[in-house]
Amino acid sequence: MAQLTATPAAEPAATTRSRSGVRPSAVALPAFGLVIAVAAWWLVTSGLHLVHPAALPPPQAVWRGLTGSAHVLLPALGITVWMTLLGFLLSTAAGVLIGMALAASNRVERMFAPLLVAVNAVPKIAFGPLLVVAVGWGQKPILTMVFLLCFFPIVLSTATGLTTTPADLAELARSWNASWWQSFRKVRLPAALPQIFVGLKVAMPLAAIGAVIGEFYSDKPGLGYQILQYNGVGDTATAWAAIVLVAAMSIALYSALTLAERLLLPWVRATTSAR
């Protein structure tokens with residue numbers, strides 16, 4: 001009897017997901033939003049002619065530029081993806097360590113927090129011409145630009161997460177006479193991980209922006225380099241195709257990070273209210 005009464009309650013949840021555990025709306029809704037965005041793009045450029053094609057080419061022209069220059073843009077995409085991921089990983093390692101240092105000592109936070117805010121407030125594009133002189137050509141200016149854009153949200157989220165441990169968990173650790181390391185590893189760090197991932201998800205699109213800006217001042221033929229080259233010869237359609245690839249890359253990397261968060265922190269969705 002208990003089995004009969006439990007089965008109907010489980011059916012609605014099963015019907016909302018496919019066999020792989022992915023809701024159909026998770027794919028259908030973004031695809032529908034993309035169709036609306038492309039339709040609006042076509043309407044503004046080709047339908048109503050509100051924007052000159054030299055400023056914003058229509059989607060069909062951008063598609064022709066993408067397919068016609070795929071032999072150049074796809075290798076450039078690989079370079080930009082690698083620079084974005086490498087710079088993001090370096091920013092994550094440094095940002096988490098700096099955030100831990102700020103959370104561990106009030107004196108350290110008071111000394112260095114204003115400096116971090118000041119560095120974050122400076123427009124990073126202003127550093128572009130100086131990076132070539134400071135660090136030379138190659139991947140160094142790209143990684144430096146990614147780091148400058150990414151590290152602050154990671155530092156802030158890490159420090160915030162480690163200093164806002166729920167009081168009941170902290171009291172539980174003290175009742176067990178846990179050492180500082182045991183309390184950090186078992187209580188404070190797991191409680192801070194959701195907040196840290198918030199900073200990582202903010203930093204991921206910034207990493208893509210930093211990689212493209214860094215490629216403006218580098219000899220690495222990534223997407224940023226190609227945007228300048230094609231725009232310089234008046235091929236704005238292909239330049240916009242490179243911009244579209246940057247946007248698609250950012251969406252893919254952000255989605256991968258969100259998936260990693262769900263896999264690594266399964267308790268978050270189970271212990272918080274869902275929309």
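These legends walk through an overview and several close-up views of one predicted protein model.

The model is a prediction, so local features need pLDDT of at least 70 and side-chain atom pairs count only at pLDDT 80 or more, while totals for chains, interfaces and linings use all residues. Residues are numbered from 1 along each chain as its sequence is written, and side-chain values use heavy atoms, with hydrogens and water left out.

View 1. The protein chain has 12 helices and zero strands. Here, helices (H or I, at least four residues) and strands (E, at least two) are DSSP runs, numbered from the N terminus. Read from that end, the elements go α-α-α-α-α-α-α-α-α-α-α-α. Of the 275 residues, 33% are buried; "buried" means under 20% relative accessible area, "exposed" means over 50%, and "partly exposed" is in between (1.4 Å probe, protein chains only). The chain exposes about 16,400 Å², and carbon and sulfur atoms supply 71% of that area. Those areas come from the Shrake-Rupley method with a 1.4 Å probe, and for residues only the protein chains shown count as cover. What about contacts, meaning heavy atoms within 4.5 Å? Among contacts between residues at least 6 apart in sequence, 72% join residues at least 24 apart.

View 2. Rolling a probe the size of a water molecule over the atoms shows where empty space is left. The elements giving two or more residues to the lining are α2 (25-47), α3 (59-68) and α11 (236-264). Which helix gives the largest share of the lining? That is α11, with six residues. By class, the lining has 14 nonpolar, no polar and no charged residues. In this scheme Ala, Val, Leu, Ile, Met, Phe, Trp, Tyr, Cys and Pro count as nonpolar, Asp, Glu, Lys and Arg as charged, and the others, Gly among them, as polar.

**View 3. The salt bridge between E261 and K201.** A search of the whole structure turns up one salt bridge, that is, a side-chain nitrogen of Lys or Arg within 4 Å of a carboxyl oxygen of Asp or Glu. The partners are E261 and K201, and their closest N and O atoms are 2.9 Å apart. E261 sits in helix α11 and K201 in helix α9 (residues 180-216), so the pair ties together parts that are 60 residues apart in sequence. Are these two buried or exposed? E261 counts as buried at 14% relative accessibility, and K201 is buried too, at 18%.

**View 4. A203, a buried spot in helix α9.** A203 is in helix α9, and at 0% relative accessibility it counts as buried. Setting aside residues up to four places away in sequence, A203 touches F88, C150, P153 and I154. A203 and F88 are 115 residues apart along the chain, yet their C-alpha atoms are separated by 7.7 Å.

**View 5. T238 and its surroundings.** T238 is found in helix α11 and is buried, with a relative accessible area of 2%. Beyond its neighbours within four places in sequence, T238 is in contact with G65, S69, L73 and Y230.

**View 6. S218, a buried loop residue.** S218 lies in the loop between α9 and α10 (223-232). With a relative accessible area of 4%, S218 is buried. Not counting residues up to four places away in sequence, S218 touches W137, G138, P141, I142 and Y225.

**View 7. L43, a partly exposed residue.** L43 is in helix α2 and, at 40% relative accessibility, counts as partly exposed. Leaving aside neighbours within four places in sequence, L43 is in contact with L48 and H49.

Notes:
Contact means heavy atoms within 4.5 Å.
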